[in-house]
Amino acid sequence: MKRITVAFIILLAFSLILPVNSAQSAGNTIKIDSDLQILEYPAVYGGHITWTISGEIAKELRKAVAEEYHVNAIDLATASHYFKQKLEPVIEKNKSGCGYLSFVRLYRADPLHDDTHGILNDAGDVEGLIGEVNSTSTITLKMLVRGEPLENQNVVIIPHNLFYAPFLALVDNESQLFVKFPALKSTYLESSHYEVMAGFGNFENMPAGLTSYRFIVGEFFMSSDYNHVVRYSRFDPLESPLLLFILFLVASYSFRKIENYWASKNSGKVGPVQERNAKYVILGTRIGLLVLYFIYLFSGLIYLILLGASVGIMFIFLRWYYGKYGS
């Protein structure tokens, strides 16, 4: 009897949990996957924005597009007109602040795979929008963007209204947004964003919890928090990853010159084992400094101090080391 009672309780618990989980999975969600690729020479600031719209809100968007163009089902031509005539101007004309992605003011927006005479070349750029109006399938909108940078200004990675850009494209002003699309009131927003830059510039004011790396010609960061605030500087002699790497090479070269200096002063007095061990110490120091460069644990100023201190410590260590084994 007790086993039957326990089994009944477990079944009852599952019967209560499953509807909750299915309700959550069917909830309204707008996700933005975005990126920026920055080539400071020749001044290319561009990237991608992908909206993934799921739940009842996708159905509301599909119905609004159909009403706008007076159709019962959306084909590629209708979807193309919506994308080219409605959505793109929201970005390019900065409607309700949708013309920004991170620190880049977006002046050009196009379908990911472009278009020919106003008709999208790839229906995948409006995946889920084409079809029956009453469908609740997920809508995916893919956009290629380009623009100009804002320097030395704190900006959020993704402006809040950029999530609503596909819906703002179908209203006259922002005040009509939640009237025409009531499901937006219960919509969950999420994002995934990364930026990669090549040049002498750098990303400043990077908050905790944001994954970032230096690499030889630039910098990279990624974030899943659209409210993160970042700042861009075209040139900063203390923070430029390219300049810091050049100074790392200078320090690395200095290690070798210091080792050669003390080795020559103790020529014939130090055995090959001791010379090899000294080279291992130098190699380990180089690797450690290179790892610290890429991992981006410190600000540029602290890294410069570490480079200078490493050169000084290496000079003192090798003088002691060769003095000990050369005497």
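Ring pairs join Tyr-45, Phe-103, Phe-203, Phe-221 and Tyr-232 into a cluster. Here two rings of Phe, Tyr or Trp (its six-membered ring) pair if their centres lie within 6.5 Å; planes under 30 degrees apart count as stacked, over 60 as edge-to-face, and the rest as tilted. The model is predicted, so that local features need pLDDT of at least 70 and side-chain atom pairs count only at pLDDT 80 or more, while totals for chains, interfaces and linings use all residues. Residues are numbered from 1 along each chain as its sequence is written, and side-chain values use heavy atoms, with hydrogens and water left out.

By this rule the count comes to 19 aromatic pairs. One of them is the edge-to-face pair of Phe-167 and Phe-181, with 5.0 Å from centre to centre and 75° between the planes. Phe-167 belongs to helix α4 (residues 165–168) and Phe-181 to the loop between α5 (177–180) and β12 (187–198), so the pair ties together parts that are 14 residues apart in sequence. Helices (H or I, at least four residues) and strands (E, at least two) are DSSP runs, numbered from the N terminus. Phe-167 is buried, at 0% relative accessibility, and Phe-181 is buried at 1%. Buried means under 20% relative accessible area, exposed over 50%, and partly exposed in between (1.4 Å probe, protein chains only).

Phe-317 and Trp-320 form a tilted pair, 5.9 Å centre to centre with 40° between the planes. Both lie in helix α8 (residues 300–326), three residues apart, which is about one turn of the helix. An α-helix has 3.6 residues a turn, so residues three or four places apart point the same way. Phe-317 is partly exposed at 27%, and Trp-320 is partly exposed at 48%.

Helix α3 (residues 76–92) has 17 residues. At 1.5 Å a residue it should span 24 Å, and its end C-alpha atoms are 22 Å apart, which agrees; the expected span is 1.5 Å times one less than the number of residues. The helix α3 bends by about 30° at Phe-83, the bend being the angle between axes fitted to the seven residues ending there and the seven starting there. Buried residues of α3 include Tyr-82, Phe-83 and Leu-87.

Finally, an open sheet of three strands has the order β11-β16-β13, with antiparallel pairing. β11 (155–156) and β13 (202–204) stand at the edges with a single partner strand each, so one side of each lacks a neighbour in the sheet. Two strands pair if DSSP finds at least two bridges between them. Val-155 has Val-230 of β16 as its bridge partner.
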